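Here is a short briefing on one model. It covers the sheet, the helices and the aromatic contacts.

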Amino acid sequence: MERVMQLASEHGVVEFTLSSCYMCRAVRLMMAELSVNARVHELDSDPRGKDMERALLKMLGGGRDPAVPAVFISGKLVGGIVSVMSLHLAGELVPMLVKSGMFLE
């Protein structure tokens with residue numbers, strides 16, 4: 001969990017993903033369309049990726065939802081795809097991104 005939090009705090013918007021995850025690609029595409037300069041950390045490319053995936057699963061509540069994608073804004077866990085999309089549909093995501101300084105208006 002320590003490594004996840006370290007990486008999440010190094011950039012305004014951080015996405016933890018797996019290269020084979022279509023939901024991760026959907027979040028990445030949405031952020032790109034919003035002109036967000038997100039840092040993407042693919043867990044399957046990291047030697048400690050499995051440990052970080054388990055930590056993310058715990059942070060997300062350990063329920064039925066997958067550990068990825070996991071999105072952090074300003075070092076704070078926003079959540080997975082459902083949370084991110086819900087925030088976007090409610091009009092709350094863009095203000096969070098603007099506040100983080102990662103949204104290119």
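An open sheet of four strands runs in the order β2-β1-β3-β4, with mixed pairing. Strands pair if DSSP finds at least two bridges between them. Strands (E, at least two residues) and helices (H or I, at least four) are DSSP runs, numbered from the N terminus. This is a predicted model: local features need pLDDT of at least 70, side-chain atom pairs count only at pLDDT 80 or more, and totals for chains, interfaces and linings use all residues. Residues are numbered from 1 along each chain as its sequence is written, and side-chain values use heavy atoms, with hydrogens and water left out.

- The edge strands are β2 (39-42) and β4 (76-79), and each pairs on one side only.
- On average, neighbouring strands are turned by 25° against each other, direction ignored.
- Strands β3 and β4 pair in the antiparallel sense over three bridges.
- Val 71 stands opposite Gly 79 of β4, and Phe 72 has Leu 77 in β4 as its bridge partner.
- The β3-β4 hairpin has two residues between the strands, and Ser 74 takes a positive phi near 55° there.

**Helices on the sheet**
- Helix α2 (residues 22-33) lies across β1, β2 and β3, and runs at about 160° to β1.
- Helix α3 (residues 49-59) packs on the sheet and touches β1, β2, β3 and β4. Its direction makes about 75° with that of β3.
- Axes are lines fitted to C-alpha atoms, for helices over the stretch in contact; angles run from 0 to 180 degrees between N-to-C directions.

**Helix pair α4 and α5**
- Helix α4 (residues 81-89) and helix α5 (residues 93-100) pack at about 100°, with axes 6 Å apart.
- That makes α4 roughly perpendicular to α5 (65 to 115 degrees; under 35 is roughly parallel, over 145 roughly antiparallel, the rest oblique).
- Val 84, Leu 87 and His 88 of α4 make the contact with Leu 93, Val 94 and Met 96 of α5 (contact: heavy atoms within 4.5 Å).
- By class, this contact has five nonpolar, one polar and no charged residues. Ala, Val, Leu, Ile, Met, Phe, Trp, Tyr, Cys and Pro count as nonpolar, Asp, Glu, Lys and Arg as charged, and the others, Gly among them, as polar.

**Aromatic pair**
- The count comes to one aromatic pair. Rings of Phe, Tyr and Trp (its six-membered ring) pair if their centres lie within 6.5 Å; planes under 30 degrees apart count as stacked, over 60 as edge-to-face and the rest as tilted.
- The ring centres of Phe 16 and Phe 72 are 5.6 Å apart and the planes stand at 75°, so the pair is edge-to-face.
- The pair links distant parts of the chain: Phe 16 lies in β1 (residues 13-17) and Phe 72 in β3 (residues 70-73), 56 residues apart.
- Phe 16 and Phe 72 are buried (under 20% relative accessible area; exposed is over 50%, partly exposed in between; 1.4 Å probe, protein chains only).
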